[in-house]
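Here's a quick tour for anyone meeting this structure for the first time. Have a look at it, then read on.

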Amino acid sequence: MKFSITITLKKDVLDPQGKVVQNTLQNLNFKNLKNIRQGKYFEIEVNNDDQKDVEKKIDEMCKKLLVNLIIEDYKINKIS
Amino acid sequence: MNSTVIVFPGSNCDRDIAVALEKMQFKNKMIWHKETKLPKSDLIVIPGGFSYGDYLRSGAIAGKSLIINEVIKVANQGCLVLGICNGFQILTETGLLKGVLLRNKNLKFINKDVNIKVIDNNNKFLKKYKNNQILKINIAHNEGNFFTNKDHLKELNEKKLIAFKYCDENGEINEDSNPNGSIDNIAGIFNSKKNILGMMPHPERMIDNLVSNTDGTNLFSSLLN
C-alpha cells in the first residue's frame, strides 16, 4: 500500500519562504495571488494489507518524527 | 567537573566547545551519537553544526539518535545540559526544551557578532554575569528564529526562564536589534528546572582575546562552582 503525507505550516506560523515564492510569482505577472504557503510531501510504501494498521503506523511516524506538531499540520492520503 | 560533548555526523563546533571546556579546566570526553551509555558527567554539551545535514528539520534526526535517550534520562535527573545553536535546535526536537527554531525571518544565513543581554543570572549557568550585562557573542545560523505558544511565553517570563535576549550595543531590545525574527528577541532559554540551557549564540567562540573576546568565559566558569 502506498500513502502520501502532506505537511504544512500551521496558519499562524510565519512562512517566509512561501512569501518570497509569492512575491516572485507576482513579479512574473501572475496576478490575483492571494496567499502561498510552502510545505513538505512524503510518499510511503508499506508491505502490509491491513489498511487500518498501516494508517495507525503512519500516523505514529508523523507524530514521532516527520512532523513538528508545534508548528506543522499534516494530512495522510491513500494513493494505492 | 566532568563534561561530555555529543558528536553527530555534521557537528562542526564540537572541537571548539571541547577547547573551551578544557581551557576552563573541565575534564571533557567526546561521545559519538551511536553510543548507548554516557560517561559520568556533570555537564553534557550538544554542540553546534549541521547534524545530519539539517535533513527533515534542523535537529530532527539527531533528536531521535541512540545517545539522546540517555541524555533525556540524565537531564530529567537534573544533569546540566547545554545546547548551543544546532544543539538548541536538537533540544527542542527532543522536547527537553519547549518551542521551536524557525527559518530566519530574512531567509539568510546570519554569521556575525551580535549583542545579547543577560536577562536573569539566578541559575547555575549565568551566575558570574550581572543581570542586564551586555555581551558580544557570535551567531551563525539559518534557523534561529525562536517561536513558541502564548502559554509557554508567559511561563518563560513568569518563571524567569529567559537567559538572553538580542539587543543593541546600548542594551535596547527592539526589532532593529533582533537579527532573526525571534519572538520577544529571545536568544536563549532554560527548562523549568533551569538545568537545561539552549542558546543560539556561540559562547565557545568567545573565550580568547586573540581571536574574538572573552564574553563567553563566564558561562563556563559559572558552572565550575
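**The quick version**

Chain B holds five helices and eleven strands (DSSP runs numbered from the N terminus, with at least four residues of H or I for a helix and at least two of E for a strand). Its radius of gyration is 16 Å, close to the 17 Å that the globule rule gives for 225 residues, so chain B is as compact as a globular protein of that length. The radius is taken over C-alpha atoms, and the rule is 2.2 Å times the number of residues to the power 0.38.

Keep in mind that this is a predicted model, where local features need pLDDT of at least 70, side-chain atom pairs count only at pLDDT 80 or more, and totals for chains, interfaces and linings use all residues. Residues are numbered from 1 along each chain as its sequence is written, chains are lettered from A and ligands numbered from 1 in the order in which they are written, and side-chain values use heavy atoms, leaving out hydrogens and water.

**Chain B overall**

- Along its principal axes, the C-alpha atoms of chain B fill a box of roughly 45 × 35 × 35 Å.
- Buried residues make up 59% of the 225 in chain B; buried means under 20% relative accessible area, exposed over 50%, and partly exposed in between (1.4 Å probe, protein chains only).
- Take the contacts (heavy atoms within 4.5 Å) in chain B between residues at least 6 apart in sequence: 75% of them join residues at least 24 apart.

**Where chain B meets chain A**

- On chain B, 13 residues are in contact with 16 residues of chain A.
- L56(B), R57(B) and L107(B) supply 41% of the area that chain B buries against chain A, more than any other three residues.
- The buried area between the two chains is about 1200 Å², with carbon and sulfur atoms giving 70% of it; that is the accessible area (1.4 Å probe) the two parts lose on being put together, summed over both.
- There's one salt bridge between chain B and chain A, meaning a side-chain nitrogen of Lys or Arg within 4 Å of a carboxyl oxygen of Asp or Glu.
- That bridge joins R57(B) to E72(A), with the closest N and O atoms 3.8 Å apart.
- R57(B) and E72(A) also belong to a network of salt bridges with K40(A) and E93(B).

**Salt bridges inside chain B**

- Over all chains, the structure holds twelve salt bridges.
- K73(B) pairs with E70(B), the closest N and O atoms being 3.4 Å apart; both sit in helix 2 (residues 66-76), three residues apart, about one turn of the helix.
- K98(B) bridges to E155(B), with the closest N and O atoms at 2.8 Å.
- This pair links distant parts of the chain, 57 residues apart: K98(B) is in the loop between helix 3 (86-94) and strand 5 (100-102), and E155(B) is in helix 4 (residues 150-158).
- K98(B) is partly exposed at 46% relative accessible area, while E155(B) is buried at 17%.

**A closer look at D120(B)**

- D120(B) lies in the loop between strand 6 (110-118) and strand 7 (134-141) of chain B, and counts as buried at 7% relative accessibility.
- D120(B) forms a salt bridge with K194(B), the closest N and O atoms being 3.8 Å apart.
- K194(B) lies in the loop between strand 10 (186-190) and strand 11 (196-199), so the pair ties together parts that are 74 residues apart in sequence.
- K194(B) is buried too, with a relative accessible area of 18%.
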